[in-house]
Amino acid sequence: MHAVLLADEDDFEGWRDAARGLAVAGVPPREVTWQVGQGGGDLFGDEAPPPAADGPAFAVPRAFLTLAQSVICHSDPERFALLYTLLCRIRSNPQAMEDGADPLVQRLERMAKEVRRDMHKMHAFLRFREVPEPDGGETGGPDGAERFVAWFEPDHHIVRATAGFFVRRFAGMRWSILTPELSIHWDGERLTESPGAARTDAPSGDPVEETWKTYYSSIFNPARLKVGAMLKEMPKKYWKNMPETALVAPLIAGAQGREAAMVEASKRKLSEAEVEGLATADKAERRLQPGGNALAAWEAILADAKACTRCHLYKHATQTVFGEGPLDARIMFVGEQPGDQEDLAGRPFVGPAGQLFDRALGEAGVDRAQTYVTNAVKHFKFERRGKRRIHSKPEAPEIEACRWWIEQERTLIRPPVTVALGATAARSLFGRVMTISRVRGQALELPDGGEAWVTVHPSFLLRLPDPDKKREEYARFVEDLARIGERAKALA
Ligand code: URA
């Protein structure tokens with residue numbers, strides 16, 4: 001007998017290494033016991049550790065590894081042994097997984113599906129609540145950042161597997177997710193773990209901010225995930241000729257509405273069957289609607305954006321100011337939010353900051369007409385002072401809510417170079433607070449793998465009171481734009 005002791009319930013690497021060694025040594029499944037935890041692995045007193053995998057490497061179908069990665073997170077204690085049994089079968093018959101009628105394959109696929117559903121629910125239904133800092137400080141922490149805590153009870157061992165999702169979504173926040181088995185914590189830079197917690201360790205009651213509630217409504221959207229995945233796999237130059245592209249526009253169109261219905265369903269605590277029904281209707285609707293290419297997809301996103309109510313800013317602004325420019329642009333510029341004139345005109349960067357931007361682009365040899373220009377936040381945020389509307393800086397929840405649109409624009413256009421003009425744009429693109437002076441003038445990698453550059457916002461130049469300083473900073477800005485232009489050409 002061989003005893004395998006795995007470090008954690010979701011220890012895929014541990015299982016894989018042990019399974020490889022056992023399979024190479026030809027150990028049959030009935031001669032292996034699998035356990036999780038500290039020591040104490042020897043059930044019968046005659047068990048040996050698994051042999052090291054030092055025989056010739058052997059290949060397994062990618063589909064098996066994908067299946068195994070999900071199944072390992074299942075709560076069924078038999079999962080390790082079941083997977084090892086299938087692995088042994090695959091070694092003697094590489095087609096073993098393709099027998100859809102095989103009870104073992106069916107069982108493992110059902111387990112993988114249950115894990116995926118559990119992860120999906122965690123993505124969709126986990127709710128953070130703001131908590132006071134332990135020191136009771138009014139600023140919410142040493143650097144003024146708020147802290148959020150969520151309680152969740154997954155059915156399976158999925159906390160580590162979902163951590164990346166929450167890090168990407170809430171990269172700029174400090175948060176903890178507490179579950180009975182394991183707790184994870186994100187401080188804006190590092191993910192750490194601690195033991196499981198009790199429900200009473202987490203705050204209860206409604207999430208505090210209306211904008212946060214709105215933001216949550218953006219999380220659960222299968223359409224969005226699929227658009228992203230689909231477009232990533234599909235080089236844009238082939239779009240015109242590919243039948244799948246016919247689905248792109250309808251896929252995007254109305255995604256918000258469908259999502260809102262799903263979120264509404266979850267709020268009303270509809271049964272799982274009803275929520276599932278909505279998702280099925282969503283898929284069916286997509287299948288039924290023909291037509292579409294990159295432009296149609298963009299127009300569909302635009303139509304959705306025009307009706308955006310993801311945060312409260314739509315209530316006072318004149319209109320959504322969406323991005324504009326060619327859809328095959330090599331550079332995407334991202335500003336902060338429309339100003340007074342942009343709000344009235346419905347176009348980005350047409351006011352004073354836009355004019356300065358145009359001039360600098362011209363001096364840098366970059367043709368604005370060849371670029372796509374947009375903003376991190378699509379509605380004008382302002383305070384009224386008499387007849388004047390004074391620009392007011394967007395806050396984290398507004399930026400987060402609006403990231404939906406930037407993600408849609410970037411997924412569709414996939415610019416080789418994206419440029420953050422100022423801190424709000426950088427925060428939106430990177431999902432965390434960035435110090436411009438530290439990252440300026442260099443190619444950076446975005447969380448989705450794209451290339452980004454960060455420079456100042458043109459309004460910063462307009463606000464500089466000292467004319468010499470203004471000239472100096474303007475020259476630096478033109479220099480940045482020129483380098484970005486060269487870089488975009490080099491990536492062509
Ligand atoms: N400032 C921005 O960030 N965007 C605009 O569109 C106008 C001013």
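Mentor: Before we start, helices (H or I, at least four residues) and strands (E, at least two) are DSSP runs, numbered from the N terminus. This is a predicted model, in which local features need pLDDT of at least 70 and side-chain atom pairs count only at pLDDT 80 or more, while totals for chains, interfaces and linings use all residues. Residues are numbered from 1 along each chain as its sequence is written, and side-chain values use heavy atoms, with hydrogens and water left out.

Trainee: In which strand does glutamate 451 lie, and is glutamate 451 buried or exposed?

Mentor: Glutamate 451 belongs to strand 14, which covers residues 451-455. Buried means under 20% relative accessible area, exposed over 50%, and partly exposed in between, with a 1.4 Å probe and protein chains only. Because its relative accessible area is 14%, glutamate 451 of strand 14 is buried.

Trainee: With which side chain does the side chain of glutamate 451 make a polar contact?

Mentor: A polar contact is a pair of N or O atoms within 3.5 Å; within protein, one must be able to donate a hydrogen and the other to accept it, and residues adjacent in sequence count only if both atoms are side-chain atoms. At 2.8 Å, the partner of the glutamate 451 side chain is the side chain of tryptophan 453.

Trainee: Where is threonine 179, and is threonine 179 buried or exposed?

Mentor: Threonine 179 is placed in the loop between strand 5 (174-178) and strand 6 (182-186). Contact means heavy atoms within 4.5 Å, and, leaving aside residues up to four places away in sequence, threonine 179 touches residues including Trp151, Phe152 and Pro154. Because its relative accessibility is 0%, threonine 179 counts as buried.

Trainee: How do helix 13 and helix 18 lie to each other?

Mentor: Axes are lines fitted to C-alpha atoms, for helices over the stretch in contact, and angles run from 0 to 180 degrees between N-to-C directions. Helix 13 (residues 352-364) and helix 18 (residues 467-490) pack at about 60 degrees, with their axes 8 Å apart. Angles under 35 degrees count as roughly parallel, over 145 as roughly antiparallel, 65 to 115 as roughly perpendicular and the rest as oblique. Helix 13 and helix 18 are therefore oblique.

Trainee: How far apart in space are glutamate 130 and glutamate 146?

Mentor: Glutamate 130 lies in strand 3 (residues 128-131), and because its relative accessibility is 30%, glutamate 130 counts as partly exposed. Glutamate 130 and glutamate 146 are 16 residues apart in sequence, and their C-alpha to C-alpha distance is 7.0 Å.
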